[in-house]
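Dear colleague,

I am handing over the structure below, and after it I set out what was found. Please read the notes with the model open beside you.

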Amino acid sequence: MKLSRRQFIGSSAAAVIVAGMKAQGNVLGANNRVRVATVGFNGRGNAHIKGFLEMKDGGVEVAGLCDVDANVLANGGKQVEKASGRAPKLFKDVRELCASQDIDAVTTATPNHWHSLVAILGMQGGKDVYVEKPMSHNVWEGRQVVAAAQKYGKIVQHGTQSRSNPTLIRDMKLIHSGFIGQIVESRGYVYKNGNRGSIGRGTPGPVPAWLDWSLWQGPAQEKPFYVKTINSGGKKQAGMWVPYDWHYNWEYGNGEIGNQGVHQMDIACWGHNRGMPTRVHSAGGRFGMNDDGMTPNTQATTFAYADGSILTFEVRNLGSFQEMDGGDCGNSFFGTKGFYVVGKGFFTYKQGRMDQREAIPVPKDAISDSDEGNAFQRFVNAVRSRKQSDAPMSVLDAHISCAHCHLGNIAYRLGRSLEFDGQAERFKDAEANKMISRDYRKGFAVPQLA
Ligand SMILES: NC(=O)c1ccc[n+]([C@@H]2O[C@H](COP(=O)([O-])OP(=O)(O)OC[C@H]3O[C@@H](n4cnc5c(N)ncnc54)[C@H](O)[C@@H]3O)[C@@H](O)[C@H]2O)c1
């Protein structure tokens, strides 16, 4: 039975997890035991917990949980105890969790504005880190995570799980080997419109008793809690931005390009493989919604690289047709000798309708080097081996992919094309450089390490 990410907190989910635990094999010795703690688990964090509880070797313990929502925290504690027979240690303040000696690895699925700080605090507390996408809320803090991983010698895994897809790993190796010539354009798109409608409007109101709004805001400047005054089609929510709709507020989220988009951006950067761009242009708007959302639901972004190649990225939450019947999110790569569409394969440029295209067969000896399991298993493997190369991607690659989303948003918000120095990670534009980082709230600053 497959659980959706919102189904973990519920009695049926607990039964499934308990059943999974009974199927586990031998428990490893204390030296190999990895004690993980998940931070933020209203939605995605439950997939982390479930992933660790279901691991077959029995050497992974969900030893800690942290959330600023008291209901989520208490429920999660009960569910994990029921599933594993061990009560996890519960934390409200992630800083206490990161200082705890009883945890080996932290996984975090808080809103985006906390990601880099949790990752760095975790490493400073001696822990390896699985950090949800995007690893950063701005370019500067992403670079600090890269520096922290080097400084503290910790494993950092980024939550773009396509990097653990064996077919994609094989095909990316082929692309990098020149199988369809030199890649001249890489393209990613997100045309999701389910769960992407109006988010309504809000006004300052009382903070629910179970939520620590100050800790939720963390590195963002303190603002009043907002409740909804105009609802968005009956969706029940604690607040205007909480949960989930924070994606559409620049203080906490990075818009759709940094929400679903960062998955496709990561694939695009993986295949394009040119590092940082030298120029970025982005335009669009938030159309067809009468709401307080700040971020665009229609956005086209173009990145140019030193060699003249381009990466194009589109967000269209109003909807679209499905390119090559490829679903509402996708990627394609155009080389000098042919093109590649994720999920469809390699093709020649022969003229004709899509269904008449000539496929280029994948060579029989082309293999994926990943039969190491899903993203959570690969994280645990890397934690045990102490090799970042056993994780699906480097921290630098995670930074580069996330930085693309941030660069696109800066160009969009300024409404002009920007030149970027990828070495210095600075624009040639003073106003744009102010948006490379943020003013961190006192007590929640991301440490400068680079
Ligand atoms: N990899 C994937 O496929 C995938 C899928 C969905 C979401 N995500 C990512 O996961 C993250 C969470 O998304 P979501 O939809 O679950 O959001 P959500 O708003 O539903 O849940 C966030 C949780 O974090 C908690 N939280 C906030 N600040 C905290 C803090 N300082 N300490 C501890 N807990 C804190 C909240 O109380 C809440 O329970 C996002 O960054 C998102 O991009 C990844």
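Helices H6 and H11 are roughly antiparallel to each other, a term used for angles over 145 degrees, with helices taken as DSSP runs (H or I) of at least four residues, numbered from the N terminus. The model is a predicted one, in which local features need pLDDT of at least 70 and side-chain atom pairs count only at pLDDT 80 or more, while totals for chains, interfaces and linings use all residues. Residues are numbered from 1 along each chain as its sequence is written.

The axes of H6 (residues 139–152) and H11 (residues 395–414) come within 9 Å and cross at roughly 175 degrees, where axes are lines fitted to C-alpha atoms over the stretch in contact and angles run from 0 to 180 degrees between N-to-C directions. Among the residues that make this contact are Val-139 and Arg-143 of H6 and His-399 and Leu-407 of H11, contact meaning that C-beta atoms, placed from the backbone, lie within 7 Å.

The chain is divided into domain 1 (11–162), domain 2 (164–194 + 255–370 + 394–434) and domain 3 (201–244), with bounds from an automatic or database domain assignment. Domain 1 and domain 3 both give residues to the shell around the ligand, so the ligand lies between them. Of the 28 residues around the ligand, Gly-40, Asn-42, Gly-43, Arg-44 and Pro-243 come nearest, a residue being near if its C-beta atom, placed from the backbone, lies within 6 Å. Helix H2 (44–53) and helix H8 (213–217) each supply at least two residues of that shell.

Best regards

Methods
Parallel < 35°, antiparallel > 145°, perpendicular 65-115°, else oblique. Contact = placed C-beta atoms within 7 Å.
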